[in-house]
Amino acid sequence: MTYADTAEILDGNKKLCEKYSDIVPILKNMYSLAALLKKRRVKRGSINFDFPESKIILGKDGMPESIEKDIRNDAHKIIEEFMLIANETVAEFAFWADLPFIYRVHEEPSAEKTESFRRFIGYFGLYIKGKEVFPKDLQAILEEVSGTENETIIASYMLRSLMKAEYKPECTGHFGLAAKYYCHFTSPIRRYPDLLIHRILKDYISGRDVSLYRKSVAEAAAQSSERERAAELCERSAD
């Protein structure tokens with residue numbers, strides 16, 4: 001199944017609905033469930049950055065031919081919500097099982113960055129109540145400027161005002177998602193923290209001693225954070 005076909009089915013494409021009639025009810029249930037998960041996540045204060053992304057089209061010689069807008073359809077949004085809840089569930093399980101683990105953490109923004117952001121949005125007649133800043137406050141700002149000419153600049157400045165997410169062996173929560181427990185679990189074929197988490201869980205489920213991992217998770221978390229920053233710089237440079 002592809003993202004494009006799934007989106008067409010959810011839009012009611014008769015030909016595709018007939019072709020995949022055996023899974024259409026499942027896809028529709030998935031769509032409903034994803035909507036409920038998102039509603040619950042937004043209610044607790046998760047920040048939704050929905051920047052339009054670009055896709056660079058390369059020719060046969062490997063050189064760029066054009067730049068197009070990368071379309072995120074309803075099928076992508078289903079998978080996003082399912083991945084988020086999988087990551088949270090696994091992280092919470094690992095925390096209470098006291099496993100040696102790699103968490104994806106996002107610290108609260110510093111007082112200096114918060115004050116800078118307050119001053120910046122003040123120029124647009126916007127403000128945040130109270131001394132502390134919570135994810136809900138930032139999401140409220142995004143909703144207020146949604147669809148306006150200032151949306152991109154305010155959202156971009158907000159993103160720069162937040163701390164950088166990183167990998168750690170301690171579970172200190174994820175500010176942007178307003179989540180107490182979070183990890184990267186869903187991509188073991190492309191991301192090392194996920195692969196190591198799968199190995200730890202596999203051994204734990206098999207009844208093996210996972211305490212041996214306690215020595216390696218801190219080093220693996222630090223190296224993964226450093227390699228992630230290097231990869232992002234490389235990607236930005238190539239783009």
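Modeller: This is a predicted model. Arg 191 sits in the loop that runs between β4 (166-168) and α8 (192-205).

Colleague: Why is Arg 191 called buried?

Modeller: Its relative accessibility is 19%. Buried means under 20%, so Arg 191 counts as buried.

Colleague: What makes the pair Arg 191 and Asp 194 a polar contact?

Modeller: Their side chains make a contact of 2.8 Å. The cut-off for a pair of N or O atoms is 3.5 Å, so 2.8 Å is within it.

Colleague: Which residues does Arg 191 touch, not counting those up to four places away in sequence?

Modeller: Arg 191 touches Tyr 167, His 184 and Thr 186.

Colleague: And Asp 194: where is it, and is it buried or exposed?

Modeller: Asp 194 is in helix α8. Its relative accessibility is 0%, and buried means under 20%, so Asp 194 counts as buried.

Colleague: What does the side chain of Asp 194 reach at 3.3 Å?

Modeller: It reaches the backbone nitrogen of Phe 185. The limit for a polar contact is 3.5 Å, so 3.3 Å is within it. Leaving aside neighbours within four places in sequence, Asp 194 is in contact with His 184, Phe 185, Thr 186, Ser 187 and Pro 188.

Colleague: How far apart are Asp 194 and Tyr 123?

Modeller: They are 71 residues apart in sequence, and their C-alpha atoms are 42 Å apart in space.

Colleague: What separation do Ser 211 and Asp 98 have?

Modeller: Along the chain they are 113 residues apart, while their C-alpha atoms are separated by 9.9 Å. Ser 211 is in the loop between α8 and α9 (214-238), and Asp 98 is in the loop between α4 (74-96) and β3 (103-105).

Colleague: Which residue has a side chain joined to that of Ser 211 by a polar contact?

Modeller: Asp 209, at 2.7 Å.

Colleague: What is phi of Asp 98, and what is phi of Ala 178?

Modeller: Phi of Asp 98 is near 55°, a positive value in a residue other than glycine. Phi of Ala 178 is near 50°, again a positive value in a residue other than glycine. Ala 178 is in the loop between β4 and α8. Its relative accessibility is 23%, between 20% and 50%, so Ala 178 counts as partly exposed.

Colleague: Why is Cys 17 called buried?

Modeller: Its relative accessible area is 18%, and the limit is under 20%, so Cys 17 is buried.

Colleague: What is the volume of the second largest pocket, and what lines it?

Modeller: The volume is about 180 Å³. Among the lining residues are Glu 108, Arg 118, Lys 131, Phe 134 and Phe 175. By class, the lining has five nonpolar, two polar and five charged residues.

How values were computed: Residues numbered from 1 in each chain as written. Predicted model: local features only at pLDDT ≥ 70, side-chain atom pairs only at ≥ 80, totals over all residues. Heavy atoms only, no water. 1 Å grid on protein atoms, 1.4 Å probe; cavity = no way out; pocket = protein on both sides within 12 Å on 5 of 7 lines; lining within 4 Å. Points joined across faces, edges and corners; volume = space filled by probe spheres on them. Nonpolar A, V, L, I, M, F, W, Y, C, P; charged D, E, K, R; others polar. Buried < 20%, exposed > 50% of the residue type's maximum accessible area, 1.4 Å probe, protein only. Helix = DSSP H or I, 4+ residues; strand = E, 2+ residues; numbered from the N terminus. Polar contact = N/O pair within 3.5 Å; in protein donor to acceptor, adjacent residues only side chain to side chain. Contact = heavy atoms within 4.5 Å.
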